[in-house]
Structure formats: structure tokens, C-alpha cells
Amino acid sequence: IEKWLPAELDKHAFLDAANVHYDRLLVDEPPAIKPSTLALLDHIDQCGLPVIVASSSQRYKIINKLTGAALIERLPVYVSGHEVTEGKPAPDIFLEAARLIELPPEDCVVFEDSPPGVQGAAAAGCIAVMIPDRIAHNPDIPADYVFETLDFAIAGMAWFDAAKPNASHNRARII
């Protein structure tokens with residue numbers, strides 16, 4: 001902000017105004033969900049696995065986004081960036097999410113669309129799955145798996161299905 005705005009501008013007032021505008025947009029224009037999100041959640045439900053949202057956003061913004069996207073009932077458990085010491089790409093938020101669902105991080109699968117999220121998931125010891133969105137995947141991003149879409153992720157992650165006796169069926173998905 002300091003780089004692009006005049007020095008005399010009150011940065012805190014500017015951010016407060018931007019947040020008010022952003023919050024209003026969430027009500028007026030509910031956020032679109034990534035295609036096949038509901039199919040992924042259905043797949044997770046069919047496997048009987050826990051799910052938690054780990055977002056660097058403020059808690060009220062997570063609630064507003066999930067409510068606006070009509071996902072709050074499907075994703076009632078979440079951890080925000082304000083509940084951990086350091087945000088992504090630090091592992092803190094994923095470690096806290098794993099703790100909340102009572103699973104070791106290595107038994108958690110994290111679906112992420114951003115390099116910092118993938119880096120944090122990998123640093124936490126979770127299985128990091130990248131679904132590139134605005135930023136394409138590159139070899140420097142430590143994703144265990146990269147899928148172009150959630151449909152491909154659902155098909156490609158079949159080895160996590162609880163129905164397979166040799167699969168680690170207690171794995172969770174952290175979205």
C-alpha cells in the first residue's frame with residue numbers, strides 16, 4: 001500500500017474502508033465456488049472422513065464466504081489465520097487444523113490453490129495437493145500431487161477411499 005498510495009493517506013483507514021467494501025461485496029455478490037467442490041465434498045462424505053477449512057482469512061470472513069457460497073452447513077469447522085502465530089507459508093495453520101480434527105498431520109491431505117498454501121502444507125508434513133488457480137504450478141512448489149481440476153483430483157485420489165482395505169482410510173482432507 002505504501003508503495004502505491006500517497007504518504008499522507010491513513011493506511012489503517014484505507015484498509016478499514018477496503019474491508020467494509022469487501023464485506024459488502026460478499027453479501028451483494030456471493031463468491032463462486034470452484035467447479036466440482038460439491039462433488040469433492042460428496043466424495044469425502046462418502047468416505048466418512050473429517051474435513052476442516054484452514055484459511056489465512058479472518059474468522060468472520062471465512063464465515064461470510066462460506067455462508068455466501070452456501071457451504072457453511074457442509075464446512076462448519078474451520079481455523080483462521082488469527083488463531084495461529086504465523087500464516088501461510090508457515091505450517092502453523094495446518095498443524096492447528098490437524099490438531100482440531102485429532103489426526104497427525106501426515107494423515108491429512110491438503111487441497112490448495114496457492115503456492116504459500118502448498119508450502120505450508122508440505123512444511124506441516126501433510127500431503128499437499130495443488131489445484132492451480134491464478135498461479136500455475138512450477139517445480140519449486142512442493143506439491144505431492146498436482147491436478148488441473150477438482151474432478152481430476154477426485155479421480156486421482158481414489159487410493160484414499162476408505163473402501164480400500166490397504167488404504168490409509170483415516171485420512172482427512174483440509175481444504
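S80 touches S55, S57, Q58, R59, I62 and I93, leaving out residues up to four places away in sequence. This serine is found in strand β2 and is buried, with a relative accessible area of 1%. The model you are looking at is predicted, and its chain has six helices and six strands.

- The side chains of S80 and E83 are joined by a polar contact of 2.9 Å.
- S80 counts as buried because its relative accessible area of 1% falls under the 20% cut-off.
- Strand β2 covers residues 78–80, and a loop runs between this strand and α4 (92–100).
- E96 lies in helix α4.
- At 18% relative accessibility, E96 is also on the buried side, since buried means under 20%.
- Beyond its neighbours up to four places away in sequence, E96 touches V79 and V84.

**Overall layout**

- Read from the N terminus, the elements follow the order α-α-β-α-β-α-β-α-β-β-α-β.
- The chain has 175 residues, and 39% of them are buried.
- Among contacts with a separation of 6 or more, 54% are between residues 24 or more positions apart.

**The nonpolar cores**

- The largest nonpolar core holds 23 residues, of which L66, L75, F111, V129 and I131 touch the most other members.
- Six elements each supply at least two residues of this core: α2, β1 (51–55), α3, β3, β4 (127–130) and α6 (150–156).
- Helix α2 gives the largest share of this core, with four residues.
- Apart from this core lies another one, of 20 residues, with F94, A97, L103 and V118 among them.
- I131, one of the residues of the largest core that touch the most other members, is in contact with K34, F111, E112, D113, F147, E148, T149, L150 and A153 once neighbours within four places in sequence are set aside.

**Backbone features worth a look**

- Most residues other than glycine have a negative phi, and most peptide bonds are trans.
- A70 is not a glycine, yet its phi is positive, at about 60°.
- You will find A70 in the loop between α3 (59–68) and β2, where its relative accessibility of 62% makes it exposed.
- E102 likewise has a positive phi of about 60° without being a glycine.
- K88 and P89 are joined by a cis peptide bond, with omega at about 15°.
- P89 has its place in the loop between β2 and α4.

**The loop at P31**

- P31 is found in the loop between α1 and α2 (37–47).
- With a relative accessible area of 26%, P31 is partly exposed, because that value sits between the cut-offs of 20% and 50%.
- Setting aside neighbours within four places in sequence, P31 is in contact with L26, K65, G68 and A69.
- A69 is 38 residues from P31 in sequence, while their C-alpha atoms are 5.5 Å apart in space.

**A nonpolar patch on the surface**

- L9, F14 and L15 form a nonpolar patch on the surface, and together they have about 230 Å² of accessible area.
- L15 belongs to helix α1, which spans residues 11–28.
- The relative accessible area of L15 is 40%, so this leucine is partly exposed.

How values were computed:
Residues are numbered from 1 along each chain as its sequence is written. This is a predicted model: local features need pLDDT of at least 70, side-chain atom pairs count only at pLDDT 80 or more; totals for chains, interfaces and linings use all residues. Side-chain values use heavy atoms; hydrogens and water are left out. Buried means under 20% relative accessible area, exposed over 50%, partly exposed in between (1.4 Å probe, protein chains only). Contact means heavy atoms within 4.5 Å. Patches are made of residues with over 30% relative accessible area and no salt bridge: like charges are joined within 9 Å, nonpolar side chains (Val, Leu, Ile, Met, Phe, Trp, Tyr) within 5 Å. Accessible areas come from the Shrake-Rupley method with a 1.4 Å probe; for residues, only the protein chains shown count as cover. A salt bridge is a side-chain nitrogen of Lys or Arg within 4 Å of a carboxyl oxygen of Asp or Glu. A nonpolar core is a set of buried Ala, Val, Leu, Ile, Met, Phe, Trp, Tyr and Cys residues joined through side-chain atoms within 4.5 Å. A polar contact is a pair of N or O atoms within 3.5 Å; within protein, one must be able to donate a hydrogen and the other to accept it, and residues adjacent in sequence count only if both atoms are side-chain atoms.
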